[in-house]
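Here is a short report on two parts of one protein model.

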Amino acid sequence: LRQALEGGIAHLVVIGEFNRGKSTLVNALVGRTILPMDIIPTTAAIWIIEKGPLSAERVQRDGRRTEIRLDDLSRASAGGDLAACHHVALKVPDLAVGAGIAVIDTPGVNDINEQRSEITYGFLGSADAVVMVLDASSPLTRSESEFLAGRVLESTLQKTVFVLNKIDRLDEDEVEEALEFCAERVVEVTGTDRPIVPLSALAELEARGRGEPLSPALL
């Protein structure tokens with residue numbers, strides 16, 4: 001990311017299967033609940049989020065931009081009209097990663113809509129850093145392992161950090177077991193030892209809502 005910042009905006013891409021808490025994590029970075037969150041696939045468009053005065057635009061594939069009312073952002077659900085655009089450009093004043101870094105929230109890598117999945121794969125190649133969100137109760141499932149082994153280049157893996165989300169649902173011993181299992185599986189599947197960050201994205205979002213900073217582990 002430091003190298004990318006020297007040449008302009010750095011791209012931090014957030015990936016994962018749906019219902020892993022990707023959008024909850026991004027909302028925690030944003031500092032408020034803007035991106036839709038649900039137990040079904042809800043992120044139908046790419047969201048590119050940068051620090052700045054609060055605004056949202058629908059960006060078409062030909063570059064045309066249309067302002068979106070913030071109240072209408074819930075239409076970015078899988079059946080909403082934002083699904084047809086190339087991406088949603090969102091600016092927020094309290095983005096935790098600061099200026100110069102664009103956070104990119106993507107459709108789930110196991111989305112049954114092939115077009116949306118291909119959008120996610122396309123953004124990985126241009127990522128300066130990648131965060132893959134996993135569920136602590138079932139870290140690195142078979143489909144996630146197949147995705148990493150078959151769709152993620154080795155060069156991308158070297159820029160990837162894994163977030164073990166929803167640890168608030170486990171007790172302390174279970175968290176340690178999940179971390180150990182996840183670390184072993186990451187090495188087994190990818191052939192490389194990558195950082196794994198345990199957290200509760202929902203707890204982080206609630207903390208931001210109370211005006212508290214993100215946990216140091218996340219930053």
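## Strand pairing around β7

Strand β1 (residues 10–15) pairs with β7 in the parallel sense, over four bridges. L12 stands opposite A129 in β7. The model is a predicted one.

Strand β7 also joins strand β8 (residues 160–165). These two strands run parallel and share six bridges. In β8, V161 is the bridge partner of V131.

## Burial of β7

How many residues of strand β7 (residues 129–135) are buried? Seven of its seven residues are buried, and the strand is mostly covered.

In a regular strand, side chains alternate between the two faces of the sheet. In β7, A129, V131, V133 and D135 point one way. V130, M132 and L134 point the other way. Both sets are buried, the charged D135 included.

## Packing of α2 on α7

Helix α2 (residues 22–30) packs with helix α7 (residues 201–209). The angle is about 25°, and the axes lie 8 Å apart. Angles under 35 degrees count as roughly parallel, so α2 and α7 are roughly parallel to each other. Their crossing is left-handed.

Which residues make the contact? From α2 come T24, L25, N27, A28, L29 and V30. From α7 come A201, L202, E204, L205 and R208. By class, the contact of α2 with α7 has seven nonpolar, two polar and two charged residues.

Notes. Residues are numbered from 1 along each chain as its sequence is written. This is a predicted model: local features need pLDDT of at least 70, side-chain atom pairs count only at pLDDT 80 or more; totals for chains, interfaces and linings use all residues. Side-chain values use heavy atoms; hydrogens and water are left out. Axes are lines fitted to C-alpha atoms, for helices over the stretch in contact, and angles run from 0 to 180 degrees between N-to-C directions. Angles under 35 degrees count as roughly parallel, over 145 as roughly antiparallel, 65 to 115 as roughly perpendicular and the rest as oblique. A crossing is left-handed if the near helix is turned anticlockwise from the far one by less than a right angle, and right-handed if clockwise. Contact means heavy atoms within 4.5 Å. Buried means under 20% relative accessible area, exposed over 50%, partly exposed in between (1.4 Å probe, protein chains only). Two strands pair if DSSP finds at least two bridges between them.
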